[in-house]
Each structure stands twice: as structure tokens, then as C-alpha cells.
Amino acid sequence: MWEQAQQALNDSSDRVIQGLANLLPGIVALLVALALSAAAAWVLALLLRRFLRGIRFDERLEEWGLSGLAEWSPNKSPSLLVTRTVSWLIVLIGFLIGIAAFDASITSEIAMRLFRYLPNVVAAVALFLLGNVFARFLARGVLISAVNHNVHYARLLSLGVKWLVLILAAAMALEHLGIGGRIVELAFGILFGGIVLALALAVGLGSKDLVSRSLERQAEKPAAEEAPEPFRHV
Amino acid sequence: MADLETLSSELKDRLAQLGQAELVVAVPGVATGEALRDTVIRIRSALNGVTPGPRTVLVHPDGAMTDPGSANGQPALLPFPITPVDRFPAPGESPSEAYRSVFLASHRLGARACVVVGSDPTTISAEALQRLVQPVVEQDFDLITPCYLRRRFDALLSSGVITPLSRSLYGKRLRFPVGADFSFSGRLVERQLQPMTDRGTMPIWFASDAACGGFKIGQAQLDVPVPVQKDPPDVSSAVAQLVGPLFLDIERNAACWQKVRGSLPVPTFGMASAVAEETGVVDVTRMVEAFRLGYRNLQDVWGVVLPPATLVELKRLTQLAPESFRLADDVWARIVYDFALAYRLRSMSRDHVLGAMTPLYRAWVASYATEVRTMGASAVEQRLERLGTAFEAQKPYFVSRWRWPDRFNP
């Protein structure tokens, strides 16, 4: 009886040790792959950073009107954003190579899923970044234009425009990622519908007096502006 | 119209029939036959004193009624597809295209001189027209710019931005580098016909081109008020349409103006008449309020363009009452230079740069108006002279920022 138990214990110990021994090269391979990819990422990031600095990438982006990207970048430098993205991608590839050392089928399965999902991620990120740049551009344009037309709630108007575009961009990005599904659409519809309804209620009921006073002021404004203006600018 | 090849065959025949001319006078603003007849008489009278009597072709809009006649000494008439140049262009229109059309006709006719009378020619005396023509025909000048009778609150964009900036950059003390009435030599016309990059809709580069090309420049007293703009645009559109092309021009001529030091007066033909105008209280409250609204809302945008020292100065301005509102000349000069630089660097969209400058321009107008409201005409001229000097004094600041925009942060 005791001998049988000892035999079973020995067998299970052998199996675990053998399993561990089988796993060890994979772990070592994973660590080596990670170390090598980290080193490669560091070298490539260094070269890429020098190259981007050489072609004045940050200044060029500003010239192309993509200054909004800088505000979303580490240290407000799009070059740094690009180099970090590239280096993390290399580390990720190294990790996938390391995983393949355990079982090639797992890696290929993960890789296939990742690659199938990748276009969605890229599209979502691009949509959100473009939406952000567009929102900031529009917000600034509205702010400047409103100030030049003496609109006292210029900042509020500009903020409204910015957040509307941002929310629209975020909803579109989430839809591309497949996160939230119909919930995002519903939430977006409710939010937009809510804003429009709130405005309608404000005009129709809640701020009736305020709106009527505002409209009266607007109606009276042209007469006041017709006062002789002594300045000729052109 | 950019090319004579696009003209109708009748017009080409008419050009061929006219052959050669020594002087081309264009009157884009003449719309009726009566005005055209009056213009012909004035030009004939103006050319009486010019020796030798040049063979002249009068280019007028093809919509005007024509009655050619053929009296001896009468200028030959050439109906031409040109649009008026004394008003802000409607969408799709460009005064610079009208000038180019005239230059093409002038070049085709081999003219030695080309005069464009963009103001209403029936208001300009024959003597004033002669002052515009004679220096180019007889004294080998290449460009004659106009001098209008300026009331203290006329052409403020020209007084506050274009004239002092043009003077400090190109070293020529012209009173109106931008206007509607000019005369050009054949050489300068030829230069203007060379292919050029986009320069905006308003033709403000004649003086800078002439100054940078080493052409001989003068100015003529026309004894008429600054041409009234039909359908004047709002202030921000005016800033965008006049200052935008000016900033483009600065970028294009960077190699030239960085070498220029100081400024020189240019020969002026004719004496300025006195301008009668009332002095008195001017309400600048709306201008000051517009500036304060800008300060409350546009600090982030101005922060991209202006250095901290200027922002502090602007903060101080917001605390002043309208009657004591003063924007120092050196601060204003630096503001204009900083915006020219932001326009060049595209620190943000160029439309936004010009839009963000508008409240600051309003601040300058308020400051200038409170200062000159009780001054006589000569005192106003002296005041503008001081502004020009301040722009010159701040030019090294602009040159440094232009050359080292990243390093130079005062």
C-alpha cells in the first residue's frame, strides 16, 4: 500500500518536474525574446527619434494644421508619441514570438485574432484623433468669429461645438471598436436628443422670458448700430 | 481674365488695330458714356502739359457706352473686360486680376507708361492726373503711388498697419502704399506680368515689388479723399483681406527686407491741400468693449502668438477707462510683427491668426482715436510719423524673431 502511494507520488513528481522542464525553455525563450525585442525597440526608437528630429517632424505637423496632436502626446511632442508607439509594437511582437516558444498554435490564434481586430483599432484611433483635431479647429474658429461679432457667450458657444464634435468622434470610434454595441448608439442618440430637447424646452418654456428679452435686444440692435460710426478702416 | 488669348476676336482685332501706344490709361470704375466722355476730356487736358504728347490708349470697362469719335489728340478708346478696383471684391472677384488685365493690354501695346485710375476719374482734377502721369513719362519714375486727403479716421488699417509696416520693412516713406490709383513704367509692368505665386485678392505688393527691385518710386498728391469703398466689409473681413496679402508679401520678400535699415522719404509731386474736419468727442466705448471681450476669451489663442510681456501689457490695457485708453506704439508694432510671424509659421490656421488680430486692431483704433480726436491735420500726420518711427525702432525685434523663432522668446 505504502509502496503504491510512494510510486504514485514519484510519478506525479516526475510529471510535474518534466512539465516544468518542458516549460523552462519556453520561459527562457520568452524572456530572451522580450529582452531582445526591448533592446531592438530601444535602438529603433533612438534612430527614429533622431530621424524625426532631423526632418523637424513636430514643426511640420504644426504647419500642416495638426497642432492638436501635440496636446495628446507625451511632453507635447508628436515625435515622442510615434517613437513610443513603434517601440511598444516591437515589444509586443517580441512577446508574441516568445509565446510561440510554448505553443505555436496559441500564438497563431492570438495573432489571427489581433490582426483581425487591428484595422478596427487603427480606424478608431484615427477617427478619434481626427475628431479631436477637427473639434479644436472648429472650436477656435467659432470662438474667434463669435468674439469678432461681439457675442458675449462666445466661449460657451465654442465649448459646445467642441464637445459635440468630440462626443460624435468618440461614439464613432467606440462603434468601430465594437465596444458597447447598441448601447453607444442609444447613449449618443439620447445625449443628442436630450440636448436638442433641452434647448427646445429652454426656448419654449423654462427661459421664455430670458429668450424673449434676448430676442428683443437682438431686434433692437440694428437701430443702435446704425449710430454714426466715425471710423473707416479701409 | 489672366490671358489675352481668352479675349474675343473683336477685341484682339481692336488691339492689333491700335498697334503701338506710349501711354495706357485704365479707368476701371467708369460705368457710363457720360463719365467716359468727361474722363476723356480730363485726360486730354492732363496730357497737354506732358512732353512729348504721348500716343494714348484709354482702357475702360466694356460695359460703358462708347462714342469713340476721332478728334485729333483724343486718346484712342479700348473697351476691355475689367472690373472696378476701388472696392472690396465680391466672392469670385479679384482686383489683382483687373490690374493684370490692364498690364497685359499695356504690354501688348508696348506702352512706356501705364496709369490705373481706380477712383472715380471725374472727381480727380486734370492737374492731379498730370502729377500721376508726368513723373513716369518724363522723369523715368517706375511707380507713382497716390496721396489722398486723409481725415483723421479715414483708412485706419492703412494708417495703423500697412503704411508703418511697409515703411519699416522696405525703407520707403509712402503715405499710401495701398490705394486705387497708380502709375507704372513699362519695366515695372513687365515685372508684374511674370508668373507669381498666390498673393491674395488685394494688390498691395506694387510698392514692395518696386522697392525690392530697385525701381524708382514717387508719390503724387491727388487732392481727393481716400476712395470710398462700396459695400464696406466688417472689421474682421477688412483685416483678413488687407493684412493677409500684406503678411504673404512679407514672407515672399523676406530676403529683401531683412537687409533694409531705416527709411527714406520719396519724392512727392504736388502740395497737400488742407483737410477741413471737426474735432470733438469720439465714443470709443464699443471698440474698447470689443477688445475687452477679446481679452476675456482669446487669451489662449493670443498666448500662442504673443510673448508673455505683451500679454501683461494687454492685461493692463483692459483695466483702463475708455478716455485714458492708450496702446503704446512700440507694443502695437511688436503685436503686428508677432502676428506676421505667426502667419508665416502657421502657428494656427492663417484665418484664425488674422481673426485673432482683429480685437487688438480695435484696441489700437480706440487708443489712436482718443489721442487724435482734438488734433489738427498736421498734428495727426506727426502722430502717424511717430508710429512709423516706432515700427522702425522695433524692426530688429522682428528680424530676430523671424530668423530664430524658437530661440528668441523675450
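This is a predicted model: local features need pLDDT of at least 70, side-chain atom pairs count only at pLDDT 80 or more; totals for chains, interfaces and linings use all residues.
**Salt bridges, rings and an interface: a short tour**

I would like to begin with one pair in chain B: B:Glu313 and B:Arg316 both sit in helix H12 (residues 308-318), three residues apart, which is about one turn of that helix. Helices here are DSSP runs of H or I with at least four residues, strands are runs of E with at least two, and both are numbered from the N terminus. B:Glu313 and B:Arg316 form a salt bridge, with their closest N and O atoms 2.9 Å apart, where the term stands for a side-chain nitrogen of Lys or Arg within 4 Å of a carboxyl oxygen of Asp or Glu.

Residues are numbered from 1 along each chain as its sequence is written, chains are lettered from A and ligands numbered from 1 in the order in which they are written, and side-chain values use heavy atoms, leaving out hydrogens and water.

As for chain B as a whole, it has 16 helices and ten strands, and buried residues make up 59% of its 410 residues. Buried means under 20% relative accessible area, exposed means over 50%, and partly exposed is in between, with a 1.4 Å probe and protein chains only. By that scale B:Glu313 is partly exposed at 24%, and B:Arg316 is also partly exposed, at 37%.

Which parts of the chain does the salt bridge between B:Arg383 and B:Glu371 tie together? The two side chains meet at 2.9 Å, N to O, and, because B:Arg383 lies in helix H15 and B:Glu371 in helix H14, the pair ties together parts that are twelve residues apart in sequence. B:Arg383 is buried at 5% relative accessibility, whereas B:Glu371 is partly exposed at 21%.

Another salt bridge, at 3.3 Å, N to O, joins B:Arg150 and B:Glu381. This pair links distant parts of the chain, 231 residues apart, with B:Arg150 in the loop between strand S5 (143-149) and helix H5 (156-170), and B:Glu381 in helix H15 (residues 377-393). B:Arg150 is buried at 9%, while B:Glu381 is partly exposed at 29%, and together with B:Arg175 they are linked in a network of salt bridges.

Let me turn to the aromatic rings. Rings of Phe, Tyr and Trp (its six-membered ring) pair if their centres lie within 6.5 Å, and planes under 30 degrees apart count as stacked, over 60 as edge-to-face and the rest as tilted. There are 22 such pairs over all chains; one of them, B:Trp205 with B:Phe206, is edge-to-face, at 6.1 Å centre to centre and 65 degrees between the planes. B:Trp205 and B:Phe206 belong to one aromatic cluster that also includes B:Tyr99, B:Phe103, B:Phe182 and B:Phe184.

Finally, there is the interface, where 23 residues of chain A are in contact, meaning heavy atoms within 4.5 Å, with 42 residues of chain B. The buried area, that is, the accessible area (1.4 Å probe) that two parts lose on being put together, summed over both, is about 2,700 Å² between chain A and chain B. A:Arg232, A:His233 and A:Val234 supply 29% of the area that chain A buries against chain B, more than any other three residues. How many salt bridges cross this interface? The rule finds one, and B:Asp154 and A:Arg232 meet in a salt bridge at 3.5 Å, N to O.
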